[in-house]
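Below is a walk through one protein model, from helix packing to aromatic rings. Please keep the viewer open while reading.

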Amino acid sequence: MIAIPVPDLAILVWPSIALVVGALFAMLVRRHEPEIPSAHVATGVLGAGGLVALDVWRLGATPEALVLSAFAVIATPLALIDLRMGKLPNWLVVLSYAVTLGALLAATLWSAHPERLVRSLLGAALFLLFYGALYMFLRGQLGGGDVKLAGVSGVVLGWQGWPTIVGGLLAIWLVGSLLYASETAVGHKRSMSGLPHGPAVLLGTVAAILIPS
């Protein structure tokens with residue numbers, strides 16, 4: 001019998017779990033947000049599965065991969081809803097906190113490094129303060145959902161380390177600028193403040209962790 005190495009097995013198993021969990025989220029989205037097309041919701045499920053596969057391939061079966069996988073599963077449908085509808089439903093953002101914090105606690109027990117849990121919570125606080133300040137002082141640039149989702153991103157980036165928190169913040173805004181430039185290039189006349197920020201939060205967070213520094 002041929003033994004399958006654990007990392008290779010994880011690349012198969014973790015995305016499969018992500019697809020199942022994503023399908024459950026998809027049913028919730030269809031129930032609470034019926035105006036969102038089924039094809040769009042299905043894209044979110046498949047996208048989350050793909051990100052989890054990339055996550056495990058890059059990080060292996062590790063606590064770091066677990067935290068990022070949980071974020072990818074819940075943030076991917078959020079980003080697509082924001083891209084399609086221009087909103088981040090509060091109930092789904094709250095659910096993203098529950099899912100990510102649950103994974104964070106599991107990763108803390110797995111790694112036996114409680115200081116990383118503290119750093120993750122500090123990362124969330126810093127992101128909430130930064131985005132909250134932008135929301136208060138630059139009216140119209142961000143929505144309340146963007147501020148809340150940023151806290152989840154801070155949790156995930158904080159688990160990786162302080163440099164990743166800074167790099168993640170820069171990556172999020174770089175991705176946002178690239179998305180704005182691409183929309184402008186194809187003739188969409190929309191201001192930077194009118195561009196959904198959820199996709200930038202998702203892609204910037206994932207990129208900051210998975211792209212080698």
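Is Gly 154 buried or exposed, and what is its relative accessible area? Gly 154 is buried, with a relative accessible area of 0%; buried means under 20% relative accessible area, exposed over 50%, and partly exposed in between, using a 1.4 Å probe and protein chains only.

This is a predicted model, in which local features need pLDDT of at least 70, side-chain atom pairs count only at pLDDT 80 or more, and totals for chains, interfaces and linings use all residues. Residues are numbered from 1 along each chain as its sequence is written, and side-chain values use heavy atoms, with hydrogens and water left out. Here pLDDT is the predictor's confidence in each residue, from 0 to 100. Its mean over the protein chain is 87, and 91% of the residues reach 70 or more. Over residues 1-6 pLDDT stays under 50, and the model has 1 contact beyond four places in sequence for that stretch; contact means heavy atoms within 4.5 Å.

Gly 154 is placed in helix H6. Helices (H or I, at least four residues) and strands (E, at least two) are DSSP runs, numbered from the N terminus. Leaving aside residues up to four places away in sequence, Gly 154 touches Ser 120, Gly 123, Ala 124 and Phe 127.

H5 and H6 (residues 144-160) pack with their axes 7 Å apart, at an angle of about 150°. Axes are lines fitted to C-alpha atoms, for helices over the stretch in contact, and angles run from 0 to 180 degrees between N-to-C directions. H5 and H6 are therefore roughly antiparallel to each other, since angles over 145 degrees count as roughly antiparallel, under 35 as roughly parallel, 65 to 115 as roughly perpendicular and the rest as oblique.

Arg 116 also lies in H5. Arg 116 is buried, at a relative accessible area of 13%, and it touches Glu 64, Trp 159 and Gln 160, not counting residues up to four places away in sequence.

What do the aromatic rings do? The structure holds 3 aromatic pairs. Rings of Phe, Tyr and Trp (its six-membered ring) pair if their centres lie within 6.5 Å; planes under 30 degrees apart count as stacked, over 60 as edge-to-face and the rest as tilted. Phe 130 and Tyr 131 form an edge-to-face pair, 5.7 Å centre to centre with 85° between the planes. Phe 130 is partly exposed at 35%, whereas Tyr 131 is buried at 0%. The rings of Tyr 131 and Trp 173 have centres 6.0 Å apart and planes at 25°, so this pair is stacked. It links distant parts of the chain, with Tyr 131 in H5 (residues 114-137) and Trp 173 in helix H7 (residues 162-185), 42 residues apart. Trp 173 is partly exposed, with a relative accessible area of 30%. Ring pairs link Phe 127, Phe 130, Tyr 131 and Trp 173 into a cluster.
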